[in-house]
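Look at the structure first, then read the points below.

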Amino acid sequence: MVILLTYFHRIRGPSILCKIPEDEEVSEQDKEVSRLLDFAGNKKFFIHSFDNFKTANYYFEVPSEWARGKKEMALISITYSEDNIDGEIFRIPLAEFVIELLSKKDIFKGFYVHISGHGDVDEINEKNAEIKDLLQNFSKVLPKSIITKKKSLKLFVFGLDRAGKTSILERLRRNEFVKTNRTLNLNLLNFILDNVNLVAWDLGGQIGFRRSWRNYLKEPNVLVFVIDIHDKDRYVEAKKELFRILDYPESSGIPLLILANKKDLGTSISKKNVIKELELNKIKDREWNMYLTSAVTGEGIYNGMHWIFKKLIT
Ligand code: G3D
Ligand code: MG
């Protein structure tokens, strides 16, 4: 499988503008080419076949101070040859990659590496390195199920900073407790548990990043909210962030798993307590469940995941 990111400088409208000789019928092959380059078709995502290969393509506009009309076109394509792959599976990961790419300030500069006479070379190289990092991350997160045909689930993992989100995901991924680093912005994890391919979006909980959580709320299968049960001073704040996400229309109906974490630090707090403090009984528009968990011992986490599997994997 190959992933290509292509930048089209100053292209607007369909690329096949004329055909020579004019009296000849447009062949099937030509139609394929024009489909691939048809930026006027308003289709962001399309699948293209050639020889024994297929490509899943997503094109998008990049706002650019350096472009005529202030917009340029870029195309990201995944080339694959496996017959049994349904290319549709690439649609969401590609869309998500594009959201992330475009959230980087002045990212267009990174596409100008081979064009001289544009701005500060160091800045261009730095932006280009950012694009490469993103692609690298993206290739890791592509659902492994594409190859293995495993069931796949996307988890949207959120909660205040230091609740234990990353520790819980690492515990699931490696089956042991590991020390985490602070999550800056976003951490994407892909791992297999009980034959299910899990793609987890582990969102940084710092105040500055919380506002952008919504951008990542793109068709997850389940919301996973993590709270540190001993951090009582922040229950109100945690509750506010939880309900903010639940109130967005795009999260409507999506099942919610609440992991009340750090149980190993003492058991004076009951499940009932947490339900009352967070006013979880107010949640009427979706299925939800809560488990007392510990990333250190693993307790409760697997039960929570099995609840999800029971709900969502037939
Ligand atoms: P976050 O991703 O939600 O921000 P982290 O949180 O997973 O980075 O965890 C924050 C701190 O809490 C880490 O401690 C981590 O080891 C600890 N932690 C996470 N889960 C548990 C748990 O279940 N029990 C206990 N006792 N500690 C936990 P440090 O010291 O590295 O800051
Ligand atoms: Mg984290």
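**Ligand site and cavities**

A polar side-chain atom of Thr166 lies 2.9 Å from an oxygen atom of ligand 1. Such a polar contact is a pair of N or O atoms within 3.5 Å; within protein, one must be able to donate a hydrogen and the other to accept it, and residues adjacent in sequence count only if both atoms are side-chain atoms. This is a predicted model, in which local features need pLDDT of at least 70, side-chain atom pairs count only at pLDDT 80 or more, and totals for chains, interfaces and linings use all residues. Side-chain values use heavy atoms, without hydrogens and water; residues are numbered from 1 along each chain as its sequence is written, while chains are lettered from A and ligands numbered from 1 in the order in which they are written.

**Ligand 1: contacts**
- Lys165 places a polar side-chain atom 2.7 Å from an oxygen atom of ligand 1.
- Ala295 uses its backbone: an N or O atom there lies 2.7 Å from an oxygen atom of ligand 1.
- Alone, ligand 1 exposes 650 Å², and the protein buries 83% of that (accessible areas by the Shrake-Rupley method with a 1.4 Å probe).

**Ligand 1: shell**
- The ligand is surrounded by 19 residues (a heavy atom within 4 Å).
- Arg162, Lys165, Ser167, Asp264 and Ala295 are the closest.
- Helix H5 (residues 165-174) gives the most to this shell, with 3 residues (helices are DSSP runs of H or I, at least four residues, and strands are runs of E, at least two, numbered from the N terminus).
- By class, the shell has 6 nonpolar, 7 polar and 6 charged residues (Ala, Val, Leu, Ile, Met, Phe, Trp, Tyr, Cys and Pro count as nonpolar, Asp, Glu, Lys and Arg as charged, the others, Gly among them, as polar).

**Largest cavity**
- The structure holds 3 cavities of 30 Å³ or more (on a 1 Å grid over the protein atoms alone, sets of points where a 1.4 Å probe fits but cannot get out; lining residues have an atom within 4 Å of a point).
- The largest has about 70 Å³ of space (grid points are joined across faces, edges and corners, and the volume is the space filled by probe spheres set on the points).
- Its lining includes Leu160, Asp161, Val226 and Tyr235.
- Strand E8 provides the largest share of that lining, 3 residues.
- The lining has 6 nonpolar, no polar and 4 charged residues.

**Second largest cavity**
- Its volume is about 50 Å³.
- Among its lining residues are Pro93, Phe97, Phe138 and Trp201.
- H2 gives the largest share, 4 residues.

Notes: 1 Å grid on protein atoms, 1.4 Å probe; cavity = no way out; pocket = protein on both sides within 12 Å on 5 of 7 lines; lining within 4 Å.
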